[in-house]
Amino acid sequence: MRILLWHVHGSWTTAFVQGPHTYVVPVTPDRGPDGLGRARTFDWPDSVVEVPPERLRDEDIDVVVLQRPHELALVDEWLGRRPPLVYLEHNAPDGDVPHTRHPAADLPGVTLVHVTHFNRLMWDAGNTPATVIEHGIVDPGHLWTGEVPRAAVVVNEPVRRGRTVGTDLLPAFARAAPLDVFGMRTEGLAGHLGVPEESCRSHELVQRDLHAAMARRRLYLHPVRWTSLGLSLLEAMHLGMPVVALATTEVTEAVPPGAGVVSNRIDVLQDAVRDFLADPLHARTVGEGARAAALARYGLTRFLDDWERLLKEVAR
């Protein structure tokens, strides 16, 4: 098949384009939000091809994967027709939960795909057929060494996103272990939080360097209050990192017993952070459990098989 989708979510797309199809991504001269083209910091196969909007009418497109509400208008404008449509929803609803109505609700000819069962439960999709295809991860390998006695946190724009991603909780966790926060626009985070720089260091790395840096830290901390299911959490588990996480959204499904500590009690999570920091062997054992759980549920083969079944059904 030839599948049209926009480069919106680089980590998710990296897994999706490992399938057997040709993936057409729009590219514009400015490489703006509607024309980013191929990723520059992720490894994508040659089956991902860039096509300018003005040439899309001449392309054979079997399925379109929408990810943002305005993309349907772009399909009408750039293709001049509507091939079979899938709307992929990456996010948990952000609004009057649980009454938030999905942009694809009651939209004719669209199949709505959620990435977690929590999201499907919370979004109001009306009569639009909805299903769940859970995340899949390109396995980075069991890289954990835990040699650096610090906790890794991965979050983009923590200052702007604030309580949503648990930025306000970081000072409490920094009292349990020094933090290394990886992500875009993390600079100045320690000053914003009013904590010493050494207790909350900021790093902005490209994807190919991130996994190795994470894996040197003793544990992975996931303080996010409200998100879909952070791919960084699943990547940390694949790396063999023990996990300490808030019991919010889909986390309790993703992190089973033996893979880490999940709770909404900050004191319980602080104690878990201290325990992993003090006992590298315990951290290693729990990290191995985390990796086994992630491979079993969020492996790439299962992910691609689920998408293959759906794409064939939609294309028919």
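User: In which loop is T249 found?

Analyst: A heads-up: this is a predicted model, where local features need pLDDT of at least 70, side-chain atom pairs count only at pLDDT 80 or more, and totals for chains, interfaces and linings use all residues. Residues are numbered from 1 along each chain as its sequence is written, and side-chain values use heavy atoms, with hydrogens and water left out. Helices (H or I, at least four residues) and strands (E, at least two) are DSSP runs, numbered from the N terminus. T249 is in the loop between β12 (243–246) and α9 (251–254).

User: Is T249 buried or exposed?

Analyst: Buried means under 20% relative accessible area, exposed over 50%, and partly exposed in between (1.4 Å probe, protein chains only). T249 has a relative accessible area of 15%, so T249 is buried.

User: What is the phi of E157?

Analyst: E157 is in the loop between β8 (148–154) and α4 (158–161). Its phi is positive, in a residue other than glycine, and lies near 50°.

User: Which residue does a cis peptide bond join to V97?

Analyst: Look in the loop between β5 (85–89) and β6 (110–114). The cis bond there has an omega of about 10°, and the partner of V97 is P98.

User: Which residues have the most contacts inside the largest nonpolar core?

Analyst: A nonpolar core is a set of buried Ala, Val, Leu, Ile, Met, Phe, Trp, Tyr and Cys residues joined through side-chain atoms within 4.5 Å. The largest one has 80 residues, and those with the most contacts inside it are W12, F16, M237 and W307.

User: Which residues is W307 in contact with, leaving aside its neighbours within four places in sequence?

Analyst: Contact means heavy atoms within 4.5 Å. With those neighbours set aside, W307 is in contact with W12, F16, V86, L88, V113 and I133.
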